[in-house]
Amino acid sequence: MDTNTIQRPRILLHDPTLRDGHHAVAHRLDADQLRAYATAANAAGVPVVEVGHGNGLGASSLQIGRAKLPDPVMLTTVREALTTSKMGVFMAPGWGTADDLRAAVDRGADVVRIAAHCTEADVTERHLGVVRDLGAEAQGVLLMSHMARPDRLAEQCALLVKFGAQAVGIMDSAGHYLPADVIERIHAITEAVDVPVIFHGHNNLGLAVANSLAAAEAGATIIDATARGFGAGAGNTQLEVLVAVLERRGFDTGIGLRAILAAADLAQERLMEAPPRIDSISVASGVAGVFSGFKKPVLQAALRAGVDPVDLFLALGERQVVAGQEDLIGDVTRQLKAAAR
Amino acid sequence: MAADERRLRVAVLGAGLIGLDLAEKASRSAELELALVAGRSRDSLGLHRAADMGYATSPDGIAAVLAAGPLDVVFDATNADSHAEHWAALRGTGTALIDLTPTGVGKVIVPTVNGAQAPAHQHLNLVSCGGQAAIPLLHAISQRCAPSYIELVSTGASASAGRATRLNLDQYIATTSAAIRTFTGTRDAKVMVNLSPARPEPPFRVAMTLLADGIRPAPVRTTIAAAADAVRAYAPGFKVTSLVVDAGRIALAVEVTATGGRLPRHAGSVDIINGAAVLLAEQYAAAR
């Protein structure tokens, strides 16, 4: 067994299994499922357990999908299951509002992520301020980050810090990055800010764990990962794999491997029909740079209209759609169908 | 000149994307005389641009508006948080105030629905750009069925949303959903907002979904077409781009592009709310 003598920084693993995973099951997790996984993650020493609709607070809708449970019920259920883990929530201005933030902190949210599309950090000014005023830990994240250049992302992250974010970073919402892309971006961001830097990967191109390791080596100290990779599209960075990989590389996560393997087994049994896999349309969506959460609605629309879902993903990629624009799926489907006639 | 004497003296408060275009639209109107563009910062790029365009400008905000002498109409294109102060200053002066920020405080007006009521009120609110694009159609549809739920998702190009819009997203959502409920009689309305970083910039788009029982497709389609025609009178780039009518659900989307003037094509959000504002100011002129 190889040994690592270099002292590497502690990595905080942030676990959005009960938020991002919702994309894989049409936002339909019930209270027993939430409670079971939150209990297991808490027992494994996962530092932050994030919960909510796949697109976060306030996002339950016809457009994105209606959650089985209202936000307050999800939060209360998970809060009651956590004794040492913090509870995290996610909110994108425009989908949720400050009222949702107040309700979430009331119900015990400790870490509140405010999200914006990659070049839109200035929509977060109000809400990051609200989170700080409420006394929760405020983090700022940039969605669909592959659409902006590294210097732009760094500048946007600096803005998030200016607005009050205590940690900032990027989400590879489309699973588009290669490790070199991640390293370049994390370097640019760590140079621009003096708060912890966050990386959130997706596995469309099979690189979520490799990208997360690259992010850690480049200086990110908060990495998102989910049990079995439960998440949108081809899934997220697989948490239990990342724990093992980081341990081998000499990064301390504070999470024991046996305990996290047990939590992952429970997640597979209780939360999902099958773990996420990289099917052909996941590859197409990663290459096209389309939000991973579009997978289910794209498949449904393609099936109904009799168009090829890969074509549909590539066409949506050409339109540079972002998360939240699910209303375009129907339009683009009809255009493809008309063009095929 | 006789025609000039009948023109209403107007001022624009705010020199952002909305204020600048409003100034241009007002100055082109045969019924309006643009007396002032008042910003709130000497360093404002928009104010410099307004001066370059040949308009009288001041960095002193509402104070400059009050000092500009008797005005018939002031357009508030600042920020929802500042609007109350502007109304307090103008209330009782006889000057009408048309509010383009999402406060919902004044008489809420959507021209094709209740524009005729506007001249009777001194303080108008125009909801939001998404509200101006959606409510004419939602109101028309709700005359043909009784929606139990309405959802609106508006997506604007990043470049079409200035600082105040970005700070006011919560007010935008609250004011727009309240107006949808009022104008349609629907109890449950949800509003979501996206800003798109795509290049080239996509046009302003508002997608709507209504749930209702017993929808009859033919009359719904007819009424939507008629309502859209009426909006095009002051927002020529307004277009229904998709419409799917099922027995229990109507899904439609409109896209608005800016036409004429200096606005880039994608800034249909600015074009439609400003088109409505200038139309209402002209109605004050006609009502005198």
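Predicted model: local features only at pLDDT ≥ 70, side-chain atom pairs only at ≥ 80, totals over all residues.
**Entry 1: domains of chain A**

I looked up how chain A is divided, and I found domain 1 at residues 12–271 and domain 2 at residues 280–340. I then took the centres of these two domains of chain A over C-alpha atoms and noted a separation of 25 Å. For the contact between them, I recorded 22 residues from domain 1 of chain A and 17 residues from domain 2 of chain A.

**Entry 2: chain A against chain B**

I next turned to the contact of the two chains, to which chain A gives 26 residues and chain B gives 24 residues. I asked which elements of chain A give two or more residues to this side, and found α5 (125–134) and α14 (327–340). Of the elements, α14(A) gives the most, with four residues. By class, I noted nine nonpolar, ten polar and seven charged residues on the side of chain A that touches chain B.

**Entry 3: helices α9 and α10 of chain A**

I examined helix α9 (residues 239–249) and helix α10 (residues 257–271) of chain A, which pack at an angle of about 165 degrees with axes 9 Å apart. I recorded their crossing as left-handed.

I then looked up which residues meet: A:L239, A:E240, A:V243, A:A244 and A:E247 from α9(A), and A:L257, A:I260, A:L261 and A:A264 from α10(A). I classed the residues of this contact as seven nonpolar, no polar and two charged.

Key. Residues numbered from 1 in each chain as written. Chains lettered and ligands numbered in written order. Domains from an automatic or database assignment. Contact = placed C-beta atoms within 7 Å. Nonpolar A, V, L, I, M, F, W, Y, C, P; charged D, E, K, R; others polar. Axes fitted to C-alpha atoms, helices over the stretch in contact; angles between N-to-C directions. Left-handed = near helix turned anticlockwise from the far one by under 90°.
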